[in-house]
There are 2 protein chains.
Amino acid sequence: MQDDRSVTVLRLGHRPGRDDRMTTHVGLTARALGADEVIFPANATDALETTRDVTERFGGPFEARPTDSPVGDVRGWDGPVVHLTMYGEPVQERVGTIQAESVGQDLLVVVGSEKVPFDVYEAADWNVGVTNQPHSEVAALAVFLDRYFDGRELDRTFENAERRVVPTALGKEVTEPTDSEPE
Amino acid sequence: MQDDRSVTVLRLGHRPGRDDRMTTHVGLTARALGADEVIFPANATDALETTRDVTERFGGPFEARPTDSPVGDVRGWDGPVVHLTMYGEPVQERVGTIQAESVGQDLLVVVGSEKVPFDVYEAADWNVGVTNQPHSEVAALAVFLDRYFDGRELDRTFENAERRVVPTALGKEVTEPTDSEPE
């Protein structure tokens, strides 16, 4: 985001084939809803490629990079760490503290897939649940980011976009800012 | 929800195999974030089964049902219809109107997969974008529901749950309300 907050999303665990679309949606949701960067497990090559491709077409800045050691990255993170889990404390009760304690720092938001090692629960400064119901890591990430940024992420503009969607009540309108109108 | 709002989520389009997990996550997100019902295309048998199974274990009320004619259901819906699309108008500008105009009615929230027929754009009272960026129908649904219910859905309690997660700062705690403690 363009203020004093920097957010990286880390996807923990990825089973090629089965998780391709979920992991891709984690990356695209991170980008669309105000994060600066997403880190994928090294085997999530499809998600990495798609997220970079969308950034190329629809703008940034946004980084997507692989890691060989996701759990190691969580443990060694230089900044506060939130782990989103259905077992955690209510997001509505914790987000204010997280906002206050992460100003000027690099916040890491960890979203797991199936089984998350207990190490990650311990390494996190906050284990936070978007409800304590089983649903979707993508949904949890979306609600967390929207609340963390107090909705300001919805007004973010992306730079160097090859194409831009123009909001319309009915239909589809897409412009190509670089050759049709000033930024 | 337990107030004067009733929300049904309709998943439009489903490719068995490829979309199984996304469609399932649409259903589980609808349940967790305050909707009363989800309607799946008839070929989304996995998603239907998983959503019903989660409702059985973690409580309701929540209905999941199949339809042979998703587009027909949208056209014939007896109540206001929101279609979530990256081409639509900003959610932050439209949600107040949608809240006001759907009190006491059954709101239908339509989330597509790949290509949505133009009929659906026309049948919707509002075409709404959670950003105009490509990301995830699950993320868009989550942010829409959280804003539509003004966050009250996060405090919802589910009835007749066989198990219930107890929010904790570290670790996992699950109770079985029916034989261990009063509801």
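This is a predicted model: local features need pLDDT of at least 70, side-chain atom pairs count only at pLDDT 80 or more; totals for chains, interfaces and linings use all residues.
View 1. How far apart are the ring centres of A:Phe118 and A:Tyr121, and how are the planes set? The centres are 6.0 Å apart with 20° between the planes, and that makes the pair stacked.

View 2. Are A:Tyr148 and A:Phe149 buried or exposed? Both of them are buried. Over all chains, the aromatic pairs come to six.

**View 3. An arginine over a ring, in chain A and in chain B.** In chain A, look for A:Arg31: its charged end sits over the ring of A:Phe158, 4.2 Å from the ring centre. Hop over to chain B and you'll find B:Arg31 with its charged end over the ring of B:Phe158, 4.2 Å from that centre.

**View 4. The six-stranded open sheet of chain A.** Follow the strands across and you get the order E3-E2-E1-E5-E4-E6, with parallel pairing. Which strands stand at the edges? Those are E3 (63–67) and E6 (126–129) of chain A; each has a single partner strand, so one side of each has no neighbour in the sheet. On average, and ignoring direction, neighbouring strands are turned by 30° against each other.

**View 5. Strands E1 and E2 side by side, with helix H6 across the sheet.** E1 (residues 6–12) and E2 (residues 37–41) of chain A pair in the parallel sense, over three bridges. A:Leu10 stands opposite A:Ile39 in E2 of chain A. Helix H6 (residues 137–148) of chain A lies across E1, E4 (81–90) and E5 (106–112) of that chain, running at about 160° to E5.

View 6. The mean pLDDT of chain A is 94, and 95% of its residues reach 70 or more. Residues 179–183 of chain A are another story, with pLDDT below 50. Beyond near neighbours in sequence, this stretch has five contacts in the model.

Terms used
Residues are numbered from 1 along each chain as its sequence is written. Chains are lettered from A and ligands numbered from 1 in the order in which they are written. Side-chain values use heavy atoms; hydrogens and water are left out. Rings of Phe, Tyr and Trp (its six-membered ring) pair if their centres lie within 6.5 Å; planes under 30 degrees apart count as stacked, over 60 as edge-to-face and the rest as tilted. Buried means under 20% relative accessible area, exposed over 50%, partly exposed in between (1.4 Å probe, protein chains only). A charge sits over a ring if NZ of Lys or CZ of Arg is within 6 Å of the ring centre and within 35 degrees of the ring normal. pLDDT is the predictor's confidence in each residue, from 0 to 100. Contact means heavy atoms within 4.5 Å. Two strands pair if DSSP finds at least two bridges between them. Helices (H or I, at least four residues) and strands (E, at least two) are DSSP runs, numbered from the N terminus. Axes are lines fitted to C-alpha atoms, for helices over the stretch in contact, and angles run from 0 to 180 degrees between N-to-C directions.
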